[in-house]
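Here are a few friendly notes to read alongside the coordinates.

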Amino acid sequence: VSIAAPDAPDPLLPEPNELWQETCDWQPDAAQAQLLQALYARTIAVNRQLNLTRIISPEDFWEKHLWDSLRAIAPLGWLNAGATAPAIVDIGTGGGFPGLPIAIAVPQATVALNDATRKKLAFLDGLVAQLGLENVRTLAGRAEAIGHHPGHRARYDAAMVRAVGPPSVCAEYGLPLLKIGGTAVLYRGRWSNADTEALRPALAQLGGELVEIAAYKTPLSRSNRHCLYVRKRAKTPSAFPRAIGIPTKTPL
Ligand code: SAM
């Protein structure tokens with residue numbers, strides 16, 4: 001075990017611009033690259049106390065936090081489209097993923113970072129201020145409650161949900177927050193046809209339709225990823241999301 005001296009320089013993230021270009025049809029400009037590096041440095045510094053993530057080597061952080069976060073929004077077309085200003089909510093953001101890389105890569109978007117744990121959001125408030133990200137705010141509370149709040153229900157163009165629970169739970173958290181025509185992006189690892197069939201009835205109840213399943217491998221460690229794009233076609237009935245704890249206790 002090597003323990004870095006407190007004044008050791010921060011390790012540097014890889015900058016594989018050709019990989020960004022190939023997989024996301026985008027690459028960070030100099031200011032964005034600097035922000036991504038600052039996000040990395042702050043996260044690993046605070047991680048020693050807060051235990052936000054187990055992903056700390058530069059390559060792992062780049063692939064599993066930065067690339068993974070951004071690859072999923074590439075199909076939405078916002079990475080290079082300066083004119084559209086989508087409202088995005090990241091449900092169960094934890095240490096700020098995927099919401100913070102998205103806010104950096106899509107500066108015209110407004111990003112709400114939601115989590116039920118106030119301690120994590122307090123860290124994120126400090127981080128957002130340090131990075132000077134004016135398009136981000138934190139949103140404390142359970143997704144089941146926020147989904148009924150008039151200021152948040154049916155207000156977003158996209159709801160990102162990574163590592164928060166089973167797919168139908170993520171859909172129940174995400175779809176109520178979307179405008180009609182908005183997209184819930186469900187980050188998954190393995191995925192099968194049986195998973196798709198199991199998810200369909202939940203989506204039908206929530207007003208969603210699965211429009212795309214993107215299957216790919218991460219570019220460095222070649223791990224399997226699936227990303228589900230669920231379009232909101234109809235208003236979500238007011239019974240959803242169900243009361244706090246019910247979506248995970250009895251998934252749709
Ligand atoms: N999305 C991040 C990522 O992929 O790195 C963090 C994932 S972490 C495993 C799950 C997070 O979801 C935790 O921070 C937890 O507090 C939050 N969470 C779980 N259930 C939630 C709910 N019902 N409403 C809001 N946040 C929730």
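Is R222 buried or exposed? R222 is exposed, with a relative accessible area of 51%, where exposed means over 50%, buried under 20% and partly exposed in between (1.4 Å probe, protein chains only).

Before the rest, a word on the basis: this is a predicted model, in which local features need pLDDT of at least 70 and side-chain atom pairs count only at pLDDT 80 or more, while totals for chains, interfaces and linings use all residues. Residues are numbered from 1 along each chain as its sequence is written, and side-chain values use heavy atoms, with hydrogens and water left out.

1. **Positive phi.** R222 sits in the loop between β6 and β7 and has a phi near 55°, a positive value in a residue other than glycine. A163 is another such case, with phi near 60°; its place is the loop between β4 and α7, and at 76% relative accessibility A163 counts as exposed. Helices (H or I, at least four residues) and strands (E, at least two) are DSSP runs, numbered from the N terminus.

2. **The sheet.** Seven strands form an open sheet in the order β3-β2-β1-β4-β5-β7-β6, with mixed pairing; two strands pair if DSSP finds at least two bridges between them. At the edges are β3 (136–140) and β6 (208–217), each pairing on one side only. From one strand to the next, the twist averages 20°. Axes are lines fitted to C-alpha atoms, for helices over the stretch in contact, and angles run from 0 to 180 degrees between N-to-C directions.

3. **β4 and β5.** Strands β4 (residues 156–162) and β5 (residues 178–188) pair in the parallel sense over six bridges. R162 has Y187 as its bridge partner in β5.

4. **Helices on the sheet.** Helix α7 (residues 167–174) lies across β1 (87–91), β4 and β5, at about 150° to β5. Helix α8 (residues 193–206) lies across β5, β6 and β7 (224–232), at about 145° to β6. Contact means heavy atoms within 4.5 Å.

5. **α3 and L35.** Eleven of the 14 residues of helix α3 (residues 58–71) are buried, including F61, W62 and W67. In helix α2 (residues 30–50), L35 is partly exposed at 23% relative accessible area. Leaving out residues up to four places away in sequence, L35 touches I104, L131 and L133.

6. **Cis peptides.** Please look at two bonds: F97 to P98 is cis, with omega about 10°, and F240 to P241 is cis, with omega about -5°. P98 lies in the loop between β1 and α4 (99–105), and P241 in the loop between β7 and α9 (246–249).
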